[in-house]
Amino acid sequence: MTIDTNDMLNSILQSLSRIDYVHPEDIPNIDLYMDQVTTFMDAQLASTKRYEEDKILTKTMINNYAKNNLLPPPVKKKYSREHVLLLIFIYYFKNIFSIKDIETLLNPLSETYFQQNNKSTSGLDMNAIYKEICAMCKEQVEPLQENITASWNKADEIFSDITGEEKETLKLFSFICSLSFDVYVKKLLIEKLIDKLPSSDETVHKK
C-alpha cells in the first residue's frame, strides 16, 4: 500500500485551520434537563469524533462526573450554562488526564466561579473565563501548524538513504514518534503543575 504522506500532512493542516470551539452564545440561556444537555453536546462536538459511533456524552458519564466531584450537582434535575461549560472542559481533558487530576484542576473553578456560589473578587464568571481560554487556544493554531510542519520536514530528512514505500513508511513512523514525544513531555509537565494544586481532600480539610 502506497502512503501519500504529503496529502496526509495537508489534510492535517487543513483540519487544524478548521478547529473551533463551542461559542458561549450558542449555549442555551436556560437550564437544561440531562437529555437536552447530551443532545446539545452531541450536536456541538460531533466534528471531534474519531468514529461515527463514538459517544460525546451520555447520562452515565454525567452521573459519574457528578459522583466523582468533577461537576456540581444539578438543581432540580436541571443543568446551568456553568454545568455545560465544565462539561466541555471535561470532554477535552478526559482523554488526557485521570478523573482525579481533572477534579483537582476544575475544583478551584467550581468553588470560585460557579454561579450559585460565585466568590470571585475580580467579577469574573465561568462564561468570561471560558471565552478567554478559548480565544487563547485559538491563537495557538497557526504556531501549532508551523511546529507540525517542522516536525514533518525533520522526519523527511532521516533515513535519507531509503527510498520508495519503505521511506514513506519510516517517515510516517518518525513523524508519529515526534508528535508522541511532544505529547508525552507536555503531559508530564501538566501533571507536575496539577500536583502543585490543592487536591479536593486538602480543600475539604481546610474548610
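This is a predicted model: local features need pLDDT of at least 70, side-chain atom pairs count only at pLDDT 80 or more; totals for chains, interfaces and linings use all residues.
Close-up 1. Residues are numbered from 1 along each chain as its sequence is written, and side-chain values use heavy atoms, with hydrogens and water left out. Phe89 and Phe93 both belong to helix H4 (residues 81-93), where they sit 4 residues apart, about one turn of the helix; helices (H or I, at least four residues) and strands (E, at least two) are DSSP runs, numbered from the N terminus.

Close-up 2. The structure holds 6 aromatic pairs, a pair being two rings of Phe, Tyr or Trp (its six-membered ring) whose centres lie within 6.5 Å, with planes under 30 degrees apart counted as stacked, over 60 as edge-to-face and the rest as tilted. In the pair of Phe89 and Phe93 the ring centres are 6.2 Å apart and the planes stand at 15°, so this pair is stacked. Ring pairs also link Tyr21, Phe89, Phe93, Phe97 and Tyr130 into a cluster.

**Close-up 3. Trp152 and Phe175, from two helices.** With ring centres 4.8 Å apart and planes at 85°, Trp152 and Phe175 form a pair that is edge-to-face. Because Trp152 lies in helix H7 (residues 141-157) and Phe175 in helix H8 (residues 164-195), the pair ties together parts that are 23 residues apart in sequence. Both Trp152 and Phe175 are buried.

**Close-up 4. Cys134 and Cys137.** The structure holds 0 disulfides, a disulfide being a pair of cysteine sulfur atoms within 2.5 Å. Cys134 is in no disulfide, and the nearest cysteine sulfur, that of Cys137, is 6.5 Å away, which is too far for a bond. Cys134 is buried, with a relative accessible area of 11%, whereas Cys137 is partly exposed, with a relative accessible area of 40%.

**Close-up 5. Asp26 in a loop.** Asp26 is found in the loop between helix H1 (5-17) and strand E1 (32-33), and at 38% relative accessibility Asp26 counts as partly exposed. Leaving aside residues up to four places away in sequence, Asp26 touches Phe40 and Gln44, where contact means heavy atoms within 4.5 Å. The C-alpha atoms of Asp26 and Gln44 are separated by 8.9 Å, although these residues are 18 residues apart along the chain.

Methods
Buried means under 20% relative accessible area, exposed over 50%, partly exposed in between (1.4 Å probe, protein chains only).
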